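I opened my notebook to look up a few things in this structure. Here is what I wrote down, entry by entry.

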Amino acid sequence: MDPGDGDFEAFVAARGPRLLRMAWLLTGDAHLAEDLLQSTLAKVWPKWPRIAGDRPEAYVRKSLVNLHASWWRRRWRGELPYGEVPDAVGTFDAYAEVDLEQSLAAAVRALPVRQRAVVVLRYFEDLSVDDTAATLGCTPGTVKSQAARALSSLRVALPAFVEGGDRCG
């Protein structure tokens, strides 16, 4: 055990839930998110004394995104079966909010890895363009263009929700 282990444990206790949420947004699966976060923390832990004082959360977020990208590159991405989408019903849907969340999560998971990372960091983690660029190791212009492409794809994937239309029919 290193003297800085208590600091690492405190960091994980304080930031772990938010990092787990970020991992879930990237993977779309609770179990994969836990594995991704655990693997990231295992890789970061030996380096903790060096990174603890210099924006450790940004370092861990970047490591999380990079590890997810490497997992994603190795994963087989074959066809997934989908049933026919039913016609909208003219009555109130008590589960519309859940449907929206599920549709949004599926649409975000369908984005390319880089666009997904930009969306998660910019809009779910609420990072600035510059912080997102620093986390991903790219220019602010790249973040802006990837965000624009991602939002365009999401608008196509979720047209009923974009225009503020009545989700309940």
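**Entry 1: a histidine.** I first settled what buried means: under 20% relative accessible area, with exposed over 50% and partly exposed in between, using a 1.4 Å probe and protein chains only. I then looked up His-68, which counts as buried because its relative accessibility is 6%. I found His-68 in helix H4; helices are DSSP runs of H or I with at least four residues, strands are runs of E with at least two, and both are numbered from the N terminus. Contact here means heavy atoms within 4.5 Å. Leaving out residues up to four places away in sequence, I listed Leu-26, Thr-27, Leu-36, Val-113 and Arg-116 as the residues that His-68 touches. Its side chain also reaches the backbone oxygen of Leu-26 at 3.2 Å.

**Entry 2: ground rules.** I noted that this is a predicted model, where local features need pLDDT of at least 70 and side-chain atom pairs count only at pLDDT 80 or more, while totals for chains, interfaces and linings use all residues. Residues are numbered from 1 along each chain as its sequence is written, and side-chain values use heavy atoms, with hydrogens and water left out.

**Entry 3: the whole protein.** I counted nine helices and zero strands. Of the 169 residues in the protein, 33% are buried. I also looked at contacts between residues at least 6 apart in sequence: 67% of them join residues at least 24 apart.

**Entry 4: the cores.** A nonpolar core is a set of buried Ala, Val, Leu, Ile, Met, Phe, Trp, Tyr and Cys residues joined through side-chain atoms within 4.5 Å. The largest one has 28 residues, and Met-22 and Val-65 have the most contacts inside it. Helices that each supply at least two residues of this core include H1 (5-27), H4 (56-74) and H8 (140-157). H1 gives the most, with seven residues. Which residues does Val-65 touch, not counting those up to four places away in sequence? I found Met-22, Leu-26, Ala-117, Leu-121 and Leu-136. There is also a second, separate core of seven residues, among them Val-108, Ala-150, Leu-154 and Leu-158.

**Entry 5: helix H6.** H6 has 12 residues and reaches 15 Å from its first C-alpha to its last, close to the expected 16 Å. Its buried residues include Gln-115 and Arg-116, along with Val-113 and Leu-121. Just after H6, Asp-126 takes a positive phi of about 60°.

**Entry 6: aromatic rings.** Rings of Phe, Tyr and Trp (its six-membered ring) pair if their centres lie within 6.5 Å; planes under 30 degrees apart count as stacked, over 60 as edge-to-face and the rest as tilted. By this rule I get two aromatic pairs. Phe-8 and Trp-48 are edge-to-face, at 5.1 Å centre to centre with 75° between the planes. Phe-8 lies in helix H1 and Trp-48 in helix H3, so this pair ties together parts that are 40 residues apart in sequence. Phe-11 and Trp-48 are tilted, at 5.0 Å with 45° between the planes. This pair links helix H1 and helix H3 too, 37 residues apart. Phe-11 counts as buried because its relative accessibility is 10%, and Trp-48 counts as buried at 4%.

Definitions and conventions
Expected span 1.5 Å × (residues − 1). Polar contact = N/O pair within 3.5 Å; in protein donor to acceptor, adjacent residues only side chain to side chain.
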